[in-house]
Amino acid sequence: PITDGFGPSLVITDPAGAAVASWNDKASWLPSPAAGGNPADGTLRTDTYSGWTVSHLVLAVEEDEDRDGVPALIEFGLGMNPASPNDAEGAAGTPTGSLLPNGQAALTIFLPVNAAAAQGHGLGEVTYRVQQSDDLSNWATIATKTLDAEWSGSASVNIGPASGGFIPVTIADPSPIESSRFLRLEIDWAP
């Protein structure tokens, strides 16, 4: 419906790789990322949040069409499919907390492999932040990453080997655990 009028045009999702016979299939077409189309480029960029939203027909950062409890912006940042709530595409694909042998609290996240990104992982237009709190009210950022910058902050970061298109990243809280510790991943969109 959004291509019926003066907005985006329809574009083939993969003009270089899709067989011409597939161009009759509805699934081979999506709205262009820009109003009026993208005449010089028929492919949609899905490595940026803007292109990903068009590709997946996502209308808002907090949208949760597959009802898995994971908002669209988080699904993009973690390389998930917003139309599938199953396994790693749903809540099972979100960060997991653990206690390391040295007593540090840690958060492990799986980020998409991206050769264009610093350290080979992460996506464009987002900032990844890991934060810690003792009381769920006051949060302090302990690690930050963007497309162009490596992880930085007071946390220790362990980057594992790529597997299945994802890289495991474990962020260890630098503060000793005294009574309770909470860690969370925050993803911000900066177009």
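Modeller: Start with Arg181, which forms a salt bridge with Asp134, the closest N and O atoms being 2.3 Å apart. A salt bridge here is a side-chain nitrogen of Lys or Arg within 4 Å of a carboxyl oxygen of Asp or Glu.

Biologist: Which parts does that pair tie together?

Modeller: Arg181 lies in the loop between E8 and E9, and Asp134 in the loop between E5 and E6, so the pair ties together parts 47 residues apart in sequence. Strands (E, at least two residues) and helices (H or I, at least four) are DSSP runs, numbered from the N terminus.

Biologist: What are we looking at, and which atoms count?

Modeller: This is a predicted model: local features need pLDDT of at least 70, side-chain atom pairs count only at pLDDT 80 or more, and totals for chains, interfaces and linings use all residues. Residues are numbered from 1 along each chain as its sequence is written, and side-chain values use heavy atoms, with hydrogens and water left out.

Biologist: Is Arg181 buried or exposed?

Modeller: Arg181 is buried, at 15% relative accessible area. Buried means under 20%, exposed over 50%, partly exposed in between (1.4 Å probe, protein chains only). Asp134 is partly exposed, at 46%.

Biologist: What else does Arg181 pair with?

Modeller: Asp173. Their side chains meet in a salt bridge at 2.5 Å, N to O. Both Asp173 and Arg181 are buried.

Biologist: How many salt bridges does the rule give?

Modeller: Four. Another one joins Arg129 and Asp188, with the closest N and O atoms 2.1 Å apart. Arg129 lies in strand E5 and Asp188 in strand E9, so this pair links parts 59 residues apart in sequence. Arg129 is partly exposed at 23%, and Asp188 is partly exposed at 30%.

Biologist: Switching topic. How many residues are in the largest nonpolar core?

Modeller: It has 27 residues. Such a core is a set of buried Ala, Val, Leu, Ile, Met, Phe, Trp, Tyr and Cys residues joined through side-chain atoms within 4.5 Å. Those with the most contacts inside it are Tyr128, Val130, Trp151, Ile171 and Leu185.

Biologist: Which element supplies the largest share?

Modeller: E4, with four residues.

Biologist: And what does Leu185 touch?

Modeller: Leu78, Pro95, Leu107, Ile109, Tyr128, Arg129 and Val130, not counting residues up to four places away in sequence. Contact means heavy atoms within 4.5 Å.
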